[in-house]
Amino acid sequence: MDCAIERSKIQVLYDACDAVFSQKELPTFQQIQWLKNLLDLMEAIDVGIDEFSLHQSPFSSPKITKGLVCGQAVSEITYIHIHECDNFSMGVFCFPAGRTFPLHDHPNMTVLSKLLYGSVHVKAYDWVKAENSSCRTIGLAGIVTNSIFNAPHEPSILFPRSGGNIHSFTALTPCAILDVLAPPYSEEFGRPSTYFNDMPIPTLPGYVILEERDLPDDLVVTRAPYLGPSIVAAGDELMTCS
């Protein structure tokens, strides 16, 4: 009896991330490109999000219709957790129009992001020189991008010291971003999320001063359940046919 089952796109992406990020060596350029190509195939429906329907009910939060999260109906920045292990995490941020996720960094992390639908303004910087002053990080950073991304848009990749490791998102329309973080944030292992203010330098176009700030009081992130295809994680027992 043939029991081969076609893997979902999110399972394929998970398997590839597990293969790349669980190895002791740093990922090669070819491996990162492989992951980027797989991420580029992802659509909202593949992670349990309906990007089109308008849910009118005021009583359910997050809005769920036909077994899918209604992307157009989120009223706050909403995080959908898909997977996390020591080596990487996967999740989706859904934005209502007008909301901003402020400048934040990704210490010693590689991040792959795919805009699943909508339009978003992205600002991203990399450090030129940074120092700690009164237990706060401040320094000179170069602008990597200050652009509007419209779906479909190729995935972006940032590295610990390049690619725009410090970035912010402002949703111009309802939108969603699928993130793969390797390794994930961890206070214990020295990978906290730090927030920044950016100050332009009129005499030095293309550069800004970044200054560490407290977690913004107005940053509200809610949670929604993951309703996409289930993932068989590494080490889990697979059902077999006899």
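I began with the open sheet: six strands in the order β10-β7-β12-β5-β4-β15, with mixed pairing. Strands here are DSSP runs of E with at least two residues, helices are runs of H or I with at least four, and both are numbered from the N terminus. Two strands count as paired if DSSP finds at least two bridges between them. I then checked the edges: β10 and β15 (221-224) each have a single partner strand, so one side of each has no neighbour in the sheet. The twist averages 25 degrees from one strand to the next. For such angles, axes are lines fitted to C-alpha atoms (for helices over the stretch in contact), and values run from 0 to 180 degrees between N-to-C directions.

A note on the source: this is a predicted model, in which local features need pLDDT of at least 70 and side-chain atom pairs count only at pLDDT 80 or more, while totals for chains, interfaces and linings use all residues. Residues are numbered from 1 along each chain as its sequence is written, and side-chain values use heavy atoms, with hydrogens and water left out.

Next I followed β5 (residues 89-95), which pairs with β12 in the antiparallel sense over seven bridges. Phenylalanine 93 has isoleucine 177 of β12 as its bridge partner. Helix α1 (residues 9-21) packs on the sheet, where it touches β4 (77-84), β5, β7 and β12, at about 30 degrees to the direction of β12. Contact means heavy atoms within 4.5 Å. I also found helix α2 (residues 29-40) lying across β7, β10 and β12, at about 20 degrees to β7.

Which residues have the most contacts inside the largest nonpolar core? They are Leu13, Phe21 and Val92, in a core of 35 residues. Such a core is a set of buried Ala, Val, Leu, Ile, Met, Phe, Trp, Tyr and Cys residues joined through side-chain atoms within 4.5 Å; buried means under 20% relative accessible area with a 1.4 Å probe, protein chains only. Its largest share, seven residues, comes from α1.

Alanine 151 and proline 152 are joined by a cis peptide bond, omega about 0 degrees, and proline 152 sits in the loop between β9 (136-150) and β10 (156-158). I noted another cis bond between alanine 182 and proline 183, omega about -10 degrees. Asparagine 108, though not a glycine, has a positive phi of about 55 degrees.

Note on methods
Buried < 20%, exposed > 50% of the residue type's maximum accessible area, 1.4 Å probe, protein only.
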